[in-house]
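This report walks through selected parts of one protein structure. Please keep the sequence and the 3D view at hand while reading.

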Amino acid sequence: MSGHSKWSSIKHKKGAADARRGKLFSKLTRAIIVAAREGGADPAANLALQNAIEKARSYSMPKDNIERAIAKGSGAAGDGAAYETVVYEGYGPSGVAVIVEALTDNRNRTASDVRHVFAKNDGNLGGAGAVAWLFERRGVVLVPAHGVDEDELTLAAAEGGADDVALEGSTFQITSDPELLSAVREAVEGAGFAVDSAELTMVPKTTVQVGSETEAKKILRLIDQLEDSDDVQDVYANFDIPEQVLEAVAS
């Protein structure tokens, strides 16, 4: 599992998402609206919408909120702002590769905000394609490992179409093709396993090992400040920080 996946899982468990639930739900709603507007209101025929809904469910977003966002995006509840997707690539401390995905109604504002965060956290914003080649789009389901039989989990995940199940510390990471994410989650939950999160993500092909707590803090500060931006939807990075270091930083 990439360090960023571990960090996201830890924040789930520690309730860091709850502290910013208002902002988080706003971002999740925006993603659903845009996906529904661009590809239609039927998740079965709209992979982007399906994945936006899966992510919203992972953060316990109420069903009514999800349905309202779909209705708004499809035009059934009026038009919202004209958001567009923009992607930024760069490097953080220790040479860690970073991809930032945003939904914005003002490219200049978003670019300025992202550039500022990189600059003040010892990072460098690059051009298109600078680091994208280091990642691949995958569906990822995270399952707490405590009390879980790996063989049974692997069988359930395989029935949903997953490619791999890997144990990393206290979490199982299940990966699949993007279009099978929903099927994998349903298969895993249907077999009685708890799911920490299920979302479409960018999985690094190679990772940068970071063992120093000082360097870990610098990297995670950059990631957290990027994620805190109103326009930023997702941040992906290829750091690999030992779980005990992540736990120490989180506490």
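Ala-69 counts as buried, because its relative accessibility is 3% and buried means under 20% relative accessible area. Ala-69 belongs to helix H5, which covers residues 63-74. The model described here is a predicted one.

Ala-69 also has a neighbour from another part of the sequence. Ile-33 is 36 residues away from Ala-69 in sequence, yet their C-alpha atoms are 5.3 Å apart in space.

Strand S2 spans residues 97-104, and eight of its eight residues are buried. Ala-97, Ile-99, Glu-101 and Leu-103 point one way from S2. Val-98, Val-100, Ala-102 and Thr-104 point the other way, and the residues of both sets are buried.

S2 pairs with strand S1 (residues 84-91) through eight bridges, in the antiparallel sense. Within this pairing, Thr-104 in S2 stands opposite Glu-84. S1 and S2 form a hairpin with five residues between them. Ser-94 lies in the turn of that hairpin and has a positive phi of about 65°. S2 is also paired with strand S9 (residues 232-237), again antiparallel, over five bridges. There, Ala-102 has Val-232 in S9 as its bridge partner.

## Strand S4 and its partners

Strand S4 runs over residues 135-144 and is mostly covered, with seven of its 10 residues buried. S4 and strand S7 (residues 197-204) run antiparallel and are joined by eight bridges. Ala-198 in S7 is the residue opposite Val-141.

S4 pairs with strand S6 (residues 171-176) as well, in the antiparallel sense and over six bridges. In that pairing, Leu-142 has Gln-173 in S6 as its bridge partner.

Which residues form the negative surface patch? They are Asp-149, Glu-150, Asp-151 and Glu-152. Asp-151 is part of helix H7, which covers residues 150-160. With a relative accessible area of 63%, Asp-151 is exposed, because exposed means over 50%.

Glu-159 is in helix H7 too. Is Glu-159 buried or exposed? Its relative accessibility is 65%, so Glu-159 counts as exposed. Glu-159 and Glu-186 are 27 residues apart along the chain, and 10.0 Å separates their C-alpha atoms.

Note on methods
Residues numbered from 1 in each chain as written. Predicted model: local features only at pLDDT ≥ 70, side-chain atom pairs only at ≥ 80, totals over all residues. Heavy atoms only, no water. Patch = residues over 30% accessible without salt bridge, like charges linked within 9 Å, V, L, I, M, F, W, Y side chains within 5 Å. Areas by Shrake-Rupley, 256 points an atom, 1.4 Å probe, with all protein chains shown as cover. Salt bridge = Lys/Arg side-chain N within 4 Å of Asp/Glu carboxyl O. Lys, Arg positive; Asp, Glu negative; His and termini not counted. Charge placed at Lys NZ, Arg CZ, Asp CG, Glu CD. Helix = DSSP H or I, 4+ residues; strand = E, 2+ residues; numbered from the N terminus. Buried < 20%, exposed > 50% of the residue type's maximum accessible area, 1.4 Å probe, protein only. Pairing = 2+ DSSP bridges.
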